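Trainee: Could you walk me through the reasoning behind some of the labels used for this model?
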Amino acid sequence: MPTLRWTTPNSPEGHETALIMASRFEVRSLKDVPRFFLNSLAAWRQVRKAPGCFGASLVARPVKRTFQTLSAWESREQLMTFVQEEPHRSIMKAMRSTMSGSTFVFWDAAVADLPISWAEAERRLDEKATKEAQEL
(Lines give C-alpha, C1' and ligand atoms only; values in the text may rest on other atoms or scores of the structure.)
Protein backbone atom coordinates (compact mmCIF):
# COMPACT_ATOMS: atom_id res chain seq x y z
CA MET A 1 0.00 0.00 0.00
CA PRO A 2 1.96 3.07 -1.19
CA THR A 3 1.59 5.96 1.23
CA LEU A 4 2.81 9.51 0.89
CA ARG A 5 3.38 10.38 4.53
CA TRP A 6 2.04 13.51 6.19
CA THR A 7 3.88 16.56 4.99
CA THR A 8 3.52 20.06 6.45
CA PRO A 9 3.77 22.75 3.74
CA ASN A 10 2.84 25.60 6.10
CA SER A 11 3.13 25.86 9.85
CA PRO A 12 -0.22 26.09 11.64
CA GLU A 13 1.44 28.20 14.34
CA GLY A 14 -0.89 30.97 15.49
CA HIS A 15 -4.02 29.02 14.51
CA GLU A 16 -6.23 27.07 16.88
CA THR A 17 -8.28 25.05 14.39
CA ALA A 18 -7.94 23.59 10.93
CA LEU A 19 -10.43 22.43 8.32
CA ILE A 20 -9.84 18.74 7.68
CA MET A 21 -10.75 17.09 4.39
CA ALA A 22 -10.62 13.37 3.74
CA SER A 23 -11.45 11.90 0.35
CA ARG A 24 -11.72 8.46 -1.20
CA PHE A 25 -11.64 7.88 -4.96
CA GLU A 26 -12.26 4.65 -6.81
CA VAL A 27 -11.36 4.25 -10.45
CA ARG A 28 -13.40 1.99 -12.74
CA SER A 29 -10.61 -0.27 -13.94
CA LEU A 30 -7.14 -1.43 -12.98
CA LYS A 31 -5.91 0.06 -16.25
CA ASP A 32 -6.86 3.52 -14.87
CA VAL A 33 -4.74 3.10 -11.72
CA PRO A 34 -1.35 4.17 -13.16
CA ARG A 35 -2.82 7.32 -14.73
CA PHE A 36 -4.65 8.25 -11.53
CA PHE A 37 -1.51 7.64 -9.47
CA LEU A 38 0.64 9.79 -11.77
CA ASN A 39 -1.94 12.58 -11.60
CA SER A 40 -1.99 12.20 -7.81
CA LEU A 41 1.75 12.85 -7.75
CA ALA A 42 1.26 16.07 -9.73
CA ALA A 43 -1.40 17.20 -7.26
CA TRP A 44 0.92 16.18 -4.42
CA ARG A 45 3.63 18.50 -5.76
CA GLN A 46 1.03 21.27 -5.91
CA VAL A 47 -0.21 20.72 -2.35
CA ARG A 48 3.34 20.87 -1.00
CA LYS A 49 3.42 24.53 -2.10
CA ALA A 50 -0.23 25.43 -1.43
CA PRO A 51 -0.84 28.50 0.71
CA GLY A 52 -2.98 27.64 3.73
CA CYS A 53 -2.25 23.90 3.68
CA PHE A 54 -1.18 22.72 7.14
CA GLY A 55 -0.61 19.13 6.08
CA ALA A 56 -1.48 16.35 3.66
CA SER A 57 -1.11 12.62 3.10
CA LEU A 58 -2.14 10.15 0.41
CA VAL A 59 -2.78 6.40 0.52
CA ALA A 60 -2.94 4.40 -2.71
CA ARG A 61 -4.44 0.93 -2.79
CA PRO A 62 -3.84 0.04 -6.44
CA VAL A 63 -5.26 -3.49 -6.35
CA LYS A 64 -8.49 -2.17 -4.82
CA ARG A 65 -8.45 0.72 -7.33
CA THR A 66 -8.78 3.26 -4.50
CA PHE A 67 -6.91 6.37 -3.48
CA GLN A 68 -7.46 8.35 -0.29
CA THR A 69 -6.32 11.83 0.65
CA LEU A 70 -6.20 13.52 4.03
CA SER A 71 -5.39 17.20 4.40
CA ALA A 72 -5.63 20.09 6.87
CA TRP A 73 -6.31 23.66 5.77
CA GLU A 74 -6.35 27.13 7.25
CA SER A 75 -9.81 27.68 5.76
CA ARG A 76 -12.34 26.36 3.25
CA GLU A 77 -11.39 29.30 1.00
CA GLN A 78 -7.73 28.17 0.93
CA LEU A 79 -8.84 24.62 0.07
CA MET A 80 -11.15 25.81 -2.71
CA THR A 81 -8.37 27.99 -4.15
CA PHE A 82 -6.13 24.91 -4.29
CA VAL A 83 -8.86 22.85 -5.98
CA GLN A 84 -9.39 25.48 -8.70
CA GLU A 85 -5.70 26.00 -9.47
CA GLU A 86 -3.56 24.01 -11.89
CA PRO A 87 -2.75 21.20 -12.11
CA HIS A 88 -5.55 20.06 -9.76
CA ARG A 89 -8.26 21.67 -11.85
CA SER A 90 -7.22 19.90 -15.07
CA ILE A 91 -6.67 16.61 -13.23
CA MET A 92 -10.26 16.64 -11.94
CA LYS A 93 -11.59 17.22 -15.43
CA ALA A 94 -9.34 14.62 -17.08
CA MET A 95 -10.07 11.88 -14.54
CA ARG A 96 -13.84 12.37 -14.24
CA SER A 97 -14.69 9.71 -16.83
CA THR A 98 -12.50 7.08 -15.11
CA MET A 99 -14.12 7.44 -11.69
CA SER A 100 -16.59 4.91 -10.34
CA GLY A 101 -17.09 6.76 -7.07
CA SER A 102 -15.83 9.34 -4.63
CA THR A 103 -16.53 10.33 -1.04
CA PHE A 104 -15.56 13.55 0.73
CA VAL A 105 -15.82 14.47 4.40
CA PHE A 106 -14.98 17.74 6.14
CA TRP A 107 -14.64 18.60 9.80
CA ASP A 108 -12.84 21.02 12.08
CA ALA A 109 -10.04 19.87 14.37
CA ALA A 110 -7.67 21.46 16.82
CA VAL A 111 -4.29 22.28 15.30
CA ALA A 112 -2.77 20.51 18.30
CA ASP A 113 -4.34 17.26 17.01
CA LEU A 114 -2.48 17.38 13.68
CA PRO A 115 -1.69 15.16 11.96
CA ILE A 116 -5.09 13.49 11.99
CA SER A 117 -4.85 9.70 12.06
CA TRP A 118 -5.77 7.65 9.02
CA ALA A 119 -7.97 5.52 11.30
CA GLU A 120 -10.09 8.59 12.11
CA ALA A 121 -10.27 9.68 8.48
CA GLU A 122 -11.26 6.20 7.28
CA ARG A 123 -13.90 5.91 10.00
CA ARG A 124 -15.48 9.16 8.83
CA LEU A 125 -15.24 8.19 5.14
CA ASP A 126 -16.86 4.81 5.86
CA GLU A 127 -19.69 6.46 7.82
CA LYS A 128 -20.39 8.89 5.00
CA ALA A 129 -20.30 6.18 2.31
CA THR A 130 -22.68 4.02 4.36
CA LYS A 131 -25.06 6.91 4.87
CA GLU A 132 -25.01 7.78 1.15
CA ALA A 133 -25.68 4.14 0.20
CA GLN A 134 -28.65 4.00 2.57
CA GLU A 135 -30.13 7.11 0.99
CA LEU A 136 -30.20 5.53 -2.48
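Predicted model: local features only at pLDDT ≥ 70, side-chain atom pairs only at ≥ 80, totals over all residues.

Trainee: Why are helices H1 and H3 called roughly antiparallel?

Mentor: The axes of H1 (residues 33–47) and H3 (residues 88–95) cross at roughly 165 degrees. Angles over 145 degrees count as roughly antiparallel, and H1 and H3 are therefore given that label. Their axes come within 10 Å, and the crossing is left-handed.

Trainee: Which residues of H1 and H3 meet?

Mentor: From H1 there are Arg35, Phe36, Asn39, Ala42, Ala43 and Gln46, and from H3 there are His88, Ile91, Ala94 and Met95. Sorted by class, this contact has six nonpolar, three polar and one charged residues.

Trainee: Now the strands. What makes strand S2 largely enclosed by the rest of the structure?

Mentor: Buried means under 20% relative accessible area. Nine of the 11 residues of S2 (residues 17–27) are buried, so the strand is largely enclosed.

Trainee: How do you know that S2 pairs with S5, and how many bridges join them?

Mentor: Pairing needs at least two bridges, and 11 bridges join S2 to S5 (residues 99–110). These two strands run antiparallel. As an example, leucine 19 has aspartate 108 in S5 as its bridge partner.

Trainee: And how many bridges join S2 to S4?

Mentor: Eight bridges join S2 to S4 (residues 66–73), and at least two are needed for a pair, so S2 and S4 count as paired too. They run antiparallel, and the bridge partner of serine 23 in S4 is threonine 69.

Conventions:
Residues numbered from 1 in each chain as written. Heavy atoms only, no water. Axes fitted to C-alpha atoms, helices over the stretch in contact; angles between N-to-C directions. Helix = DSSP H or I, 4+ residues; strand = E, 2+ residues; numbered from the N terminus. Parallel < 35°, antiparallel > 145°, perpendicular 65-115°, else oblique. Left-handed = near helix turned anticlockwise from the far one by under 90°. Contact = heavy atoms within 4.5 Å. Nonpolar A, V, L, I, M, F, W, Y, C, P; charged D, E, K, R; others polar. Buried < 20%, exposed > 50% of the residue type's maximum accessible area, 1.4 Å probe, protein only.
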